Amino acid sequence: MENKRVMTESRQQGLQISDLILVAVLLAAGAVLKMFVGSVINFFGMKPNFIIAMYCLAILLIRPRLIESVIIGFLAGLVCQFLPGTPYINIVSEVVGAFVMGLLINAPLQAGKTDLKPVVATWASTVVSGSTYTICLFVLMGADVSGLVAYVPIVFFTAIINAVIVQVLYIPMKAALKK
């Protein structure tokens, strides 16, 4: 009981060094995977977005406060600036996606004894992040709505792939972190 109280008190003080290290390692892994594996794993234009998957996983594992989740999203957006893509849009989309993830980590998402939080929260965060990215991109390009609609299936299927990746990684990483 004493250990739970200490852990709760430390959570109220903010992220610990070990939490920051975990976030940094996962974001770095996400960047490397996105650069080298993302283009190999490509299902009809849909591929995992490892950056989103990794910040979702980090938020699930460390359970930060909402503002800390947003900061993790901001850091993920900054990491994206070093990867090919549209500059600065990722900062906005990853912050919004991490905000959604931060909201959902405390939601009771269960079916019986099965914890659906990794799947549902990651899927929702990816959809919101991908939709935000797509909308910002189309607004900047001045494109019409028909082009925007073409991206909807890509965002949804990417969200499914991310949800599966996070679910597969969540269980062993959660067990490893308990040790």
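## Briefing on a predicted helical model

In this predicted model, a nonpolar patch on the surface is formed by Trp-123, Val-145, Val-149, Val-152, Phe-156, Phe-157, Ile-160, Val-164 and Val-168, which together have about 800 Å² of accessible area. A patch of this kind is made of residues with over 30% relative accessible area and no salt bridge, with nonpolar side chains (Val, Leu, Ile, Met, Phe, Trp, Tyr) joined within 5 Å and like charges joined within 9 Å. Residues are numbered from 1 along each chain as its sequence is written. Because the model is predicted, local features need pLDDT of at least 70 and side-chain atom pairs count only at pLDDT 80 or more, while totals for chains, interfaces and linings use all residues; side-chain values use heavy atoms, with hydrogens and water left out.

**Overall chain**

- The protein chain contains 8 helices and 2 strands, where helices (H or I, at least four residues) and strands (E, at least two) are DSSP runs numbered from the N terminus.
- Along the sequence, these elements follow the pattern α-α-α-α-α-β-β-α-α-α.
- Of the 179 residues in the protein chain, 40% are buried, a term that stands for under 20% relative accessible area, with exposed meaning over 50% and partly exposed what lies in between (1.4 Å probe, protein chains only).
- The accessible surface of the protein chain comes to about 10000 Å², and 73% of this belongs to carbon and sulfur atoms; such areas come from the Shrake-Rupley method with a 1.4 Å probe, and for residues only the protein chains shown count as cover.
- Among contacts with a separation of 6 or more in the protein chain, 72% are between residues 24 or more positions apart, a contact being heavy atoms within 4.5 Å.

- The elements that give two or more residues to the nonpolar patch are H7 and H8, and H8 gives the most, with 6 residues.
- Val-149, one of the patch residues, is found in helix H7.

**Aromatic pairs**

- There are 2 aromatic pairs, counted when rings of Phe, Tyr and Trp (its six-membered ring) have centres within 6.5 Å, with planes under 30 degrees apart taken as stacked, over 60 as edge-to-face and the rest as tilted.
- The pair of Trp-123 and Phe-156 is tilted, because the ring centres are 5.6 Å apart and the planes stand at 50 degrees.
- Trp-123 lies in helix H6 (residues 117–141) and Phe-156 in helix H8 (residues 152–178), so this pair ties together parts that are 33 residues apart in sequence.
- Phe-138 and Tyr-151 form an edge-to-face pair, at 5.3 Å centre to centre and with 75 degrees between the planes.
- Since Phe-138 lies in helix H6 and Tyr-151 in the loop between helix H7 (145–150) and H8, this pair ties together parts that are 13 residues apart in sequence.
- Phe-138 is buried at a relative accessible area of 9%, whereas Tyr-151 is partly exposed at 35%.

**Nonpolar core**

- The largest nonpolar core has 30 residues, and those with the most contacts inside it are Leu-26, Ile-51, Tyr-55, Leu-57 and Ile-59; a core is a set of buried Ala, Val, Leu, Ile, Met, Phe, Trp, Tyr and Cys residues joined through side-chain atoms within 4.5 Å.
- At least two residues of this core come from each of helix H2 (17–36), helix H3 (50–62), helix H4 (66–80), helix H5 (89–104) and H8, and H3 gives the most, with 13 residues.
- Leaving aside neighbours within four places in sequence, Leu-26 is in contact with Met-54, Leu-57, Ala-58, Leu-61 and Met-173.

- Arg-63, in the loop between H3 and H4, has a positive phi of about 50 degrees although it is not a glycine, and Arg-63 is partly exposed at a relative accessible area of 28%.
- Most residues other than glycine have a negative phi.
- The count of salt bridges is 1, with a salt bridge defined as a side-chain nitrogen of Lys or Arg within 4 Å of a carboxyl oxygen of Asp or Glu.
- This salt bridge joins the side chains of Arg-65 and Glu-68 (2.8 Å, N to O); Arg-65 is partly exposed, with a relative accessible area of 40%, whereas Glu-68 is buried at 7%.
- Ser-69 lies in helix H4 and counts as buried, at 0% relative accessibility.
- Not counting residues up to four places away in sequence, Ser-69 touches Ile-59, Pro-64, Ala-98 and Gly-102.
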